[in-house]
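Please find below a short note on the model, written as numbered points. The sequence and coordinates come first.

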Amino acid sequence: MKYLESLFEGALWNSRFVILTAVVGSLLAGFAIFYMATVDVVFLFQHALHYADASMTEELRKALHDSTVSHIVEVVDGYLLATVMLIFSLGLYELFISDIDQAHGSRASSKILVISNLDDLKSRLAKVILMIMIVTLFEEALGMAIEAPIDLVYFGAAIALISLALYLTHASDGHAVAAEAGTDGKDPH
């Protein structure tokens with residue numbers, strides 16, 4: 001019976017390697033998004049070269065400017081999404097398979113890629129997703145046509161809610177750091 005239990009526990013423990021499919025898939029998806037965003041940057045740069053064309057009318061120049069700004073926001077959004085996929089891939093690997101020794105031993109490594117538990121992974125992903133939402137709001141705001149006063153109220157409310165989300169995220173980070181240091185987050189002075 002002890003042998004069967006040991007065999008079952010070994011199989012159960014090794015089943016965690018199924019996570020490698022999510023790790024590799026997320027990594028490949030992140031690379032694909034990085035590639036697409038970079039191609040978008042190349043095309044964006046090619047279009048921006050026409051901005052100095054002397055034969056261009058002011059209307060066309062304004063349209064090119066607005067289009068370029070909108071595309072830049074899309075590129076930032078793409079890079080942020082690719083970053084989410086990268087963080088998710090590395091985090092899953094560290095949580096379920098093994099620590100990434102190069103990430104822990106390198107001075108150049110970022111703390112964002114060092115994941116010690118599922119809450120760390122969720123927290124880091126939530127922060128990047130919040131940034132994607134902010135960029136998306138900015139992108140929508142560029143093309144927003146304010147036709148009625150209520151549109152302006154909705155836009156102001158969206159900005160206020162995002163500001164609140166950023167504040168709460170920052171406040172929770174300060175509280176977490178204080179908890180790790182053994183204080184209650186209040187200034188002792």
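The points below cover the basis of the model, its helices, its salt bridges and its surface.

1. Basis. The model is predicted, so local features are given only where pLDDT is at least 70 and side-chain atom pairs count only at pLDDT 80 or more, while totals for chains, interfaces and linings use all residues. Residues are numbered from 1 along each chain as its sequence is written, and side-chain values use heavy atoms, with hydrogens and water left out.

2. Secondary structure. The chain has six helices and zero strands. Read from the N terminus, the order of elements is α-α-α-α-α-α. Helices here are DSSP runs of H or I with at least four residues, strands are runs of E with at least two, and numbering starts at the N terminus.

3. Burial. Of the 189 residues in the chain, 22% count as buried. The classes rest on relative accessible area: buried is under 20%, exposed is over 50%, and partly exposed lies in between (1.4 Å probe, protein chains only).

4. Packing of α2 and α3. Two packed helices are described by the angle between their axes and the distance between the axes. Helix α2 (residues 19-48) packs against helix α3 (residues 58-96) at about 160°, and the axes are 8 Å apart. The pair is therefore roughly antiparallel; angles over 145 degrees count as such, under 35 as roughly parallel, 65 to 115 as roughly perpendicular and the rest as oblique. Axes are lines fitted to C-alpha atoms, for helices over the stretch in contact, and angles run from 0 to 180 degrees between N-to-C directions. The crossing of α2 and α3 is left-handed, which means that the near helix is turned anticlockwise from the far one by less than a right angle (clockwise would be right-handed).

5. A residue of α2. L28 is found in helix α2. Is L28 buried or exposed? L28 counts as exposed because its relative accessible area is 53%. L28 and M85 are 57 residues apart in sequence, and their C-alpha atoms are 8.7 Å apart in space.

6. Salt bridges. The structure holds two salt bridges, the criterion being a side-chain nitrogen of Lys or Arg within 4 Å of a carboxyl oxygen of Asp or Glu. One joins R61 and E58 at 3.9 Å, N to O. R61 and E58 are three residues apart in helix α3, so about one helical turn separates them. R61 is buried at 17% relative accessible area, whereas E58 is exposed at 61%.

7. The pair D66 and K62. A salt bridge links D66 to K62, with the closest N and O atoms 3.1 Å apart. Both residues lie in helix α3, four residues apart, or about one turn of the helix. D66 is partly exposed at 36% relative accessibility, and K62 is partly exposed at 49%.

8. Surface patch. M1, Y3, L4 and L7 form a nonpolar patch on the surface, with about 550 Å² of accessible area together. Patch members have over 30% relative accessible area and no salt bridge; nonpolar side chains (Val, Leu, Ile, Met, Phe, Trp, Tyr) are joined within 5 Å and like charges within 9 Å. Areas come from the Shrake-Rupley method with a 1.4 Å probe, and for residues only the protein chains shown count as cover. Y3 is found in helix α1 (residues 2-14) and counts as exposed, at 61% relative accessibility.
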